[in-house]
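Hi,

Here is the structure I promised to pass on. Have a look at it first, and then read my notes below.

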Amino acid sequence: MKAFTGYNRGVNLGGWLSQCDHTKERYDTFIKESDFENIANRKFDHVRVPIDYELIQNKDRSFKEEGFKYIEFAITMCRKYKLNMILDLHKTLGYSFDPFHNELGFFESEDYQNNFYLIWDELAKRFGANDDMLSFELLNEVTKKEYCDTWNLISTNCIERIRKIAPNINILIGGYYNNSLEAVRDIAMPYDDKIVYTFHCYDPLLFTHQGAFWIATMDTSFRCDYKMPFKKYDELSQKYLCQAYPSFDAFNMDDCPDANYFETLLDDAIKVALERNVALYCGEYGVIDRADRNEAAKWFKDFHSIMDKYLIGSAVWNYKEMDFEISPEF
């Protein structure tokens, strides 16, 4: 399968320029040069850098010169420590994957969509020449399936604009249900040979998000092992997960998850990637820091084995804090 060269094993820098209080103090102190050095020393080959539009836009939508300097800093540090980088627009005016951000109307508003295009025009002008080590990710985690057709039109329009400025940069696109594997088949056909299909994987959600306070029906004291029979996963998922989760019907309900579990989950996405000759990339995956670390290690081992088997690059969530801080061994 086509590989996303240079983006084999990476880490997210969530909480730095996105999902934060957007203060100079946060930008200046959360991630420093020493963090890039540490990431390189831990043998990661790239970082995924989420940004929110507030970093680079004022309320009147004019651009903030000081915000771009943090992106420049990240690129400079990546070059110094021989890392590649994905610049991910995590939130745009009118849209966020997180309903608590109260960003609404993007998929219905031509005005908000035009602002999205202008953001990417500016990012392409400023940073598109770094295509030897930088890639663009258009938007993080489209939520509703009903947005699919509109998102395919928006993403295609955006790529057309970027290509006039940065013809050679890799561009990542994900689909609905928060970059689900299910959505990969419904992502727009690749615009050219520098398109990468991205997905996120936190399955089984009951294990990776055990005790997560932001899931309304989750008991924050709930804990479970990774190697638990699927019938138990199904029973407890119905109890503790208020959101949809992939069915376990494809598996023997007395069995426990293993590498085959992830291979089965990825089966259709892999077929799509082969059919369309496009690289696959997992932009987020990981296990909540409340889980037992030995059990988490088993999860990571199984997941990584399938990523490596099919040459699928990935970036773990998250380097620091954000309820998913990675342990040294991961």
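This is a predicted model: local features need pLDDT of at least 70, side-chain atom pairs count only at pLDDT 80 or more; totals for chains, interfaces and linings use all residues.

Two strands count as paired if DSSP finds at least two bridges between them. Strands (E, at least two residues) and helices (H or I, at least four residues) are DSSP runs, numbered from the N terminus.

Residues are numbered from 1 along each chain as its sequence is written, and side-chain values use heavy atoms, with hydrogens and water left out.

Let's start with strand S8 (residues 279–285). S8 pairs with strand S7 (residues 195–201) in the parallel sense over 6 bridges, and Thr198 has Tyr281 in S8 as its bridge partner. S8 also pairs in the parallel sense with strand S9 (residues 313–316), over 2 bridges; here Tyr281 stands opposite Gly313. With helix H11 (residues 293–309), S8 and S9 make a β-α-β unit. That unit is right-handed: with the strands pointing away from you, the path from the first strand over the helix to the second runs clockwise.

How many residues of S8 are buried? It's 7 of the 7, so the strand is largely enclosed by the rest of the structure. Buried means under 20% relative accessible area, exposed over 50%, and partly exposed in between (1.4 Å probe, protein chains only).

Next, the cores. A nonpolar core is a set of buried Ala, Val, Leu, Ile, Met, Phe, Trp, Tyr and Cys residues joined through side-chain atoms within 4.5 Å. The largest one has 114 residues, and Phe36, Ile71, Met85 and Phe116 have the most contacts inside it. Its largest share, 8 residues, comes from H10. A second, separate core of 8 residues includes Val196, Ala279, Tyr281 and Ala315.

Ile71 is also one of the buried residues of helix H4. Just after H4, Lys82 takes a positive phi of about 60 degrees.

Last, helix H9 (residues 230–240). Phe230, Tyr233, Leu236, Ser237 and Tyr240 are buried there. Seen down the helix axis, these buried residues fall within an arc of 125 degrees (taken from the directions from the axis to the C-beta atoms), so they line one face of H9. They pack against helices H8 (205–208) and H10 (259–276), where contact means heavy atoms within 4.5 Å. On the other side of H9, Gln238 and Lys239 are exposed.

Cheers
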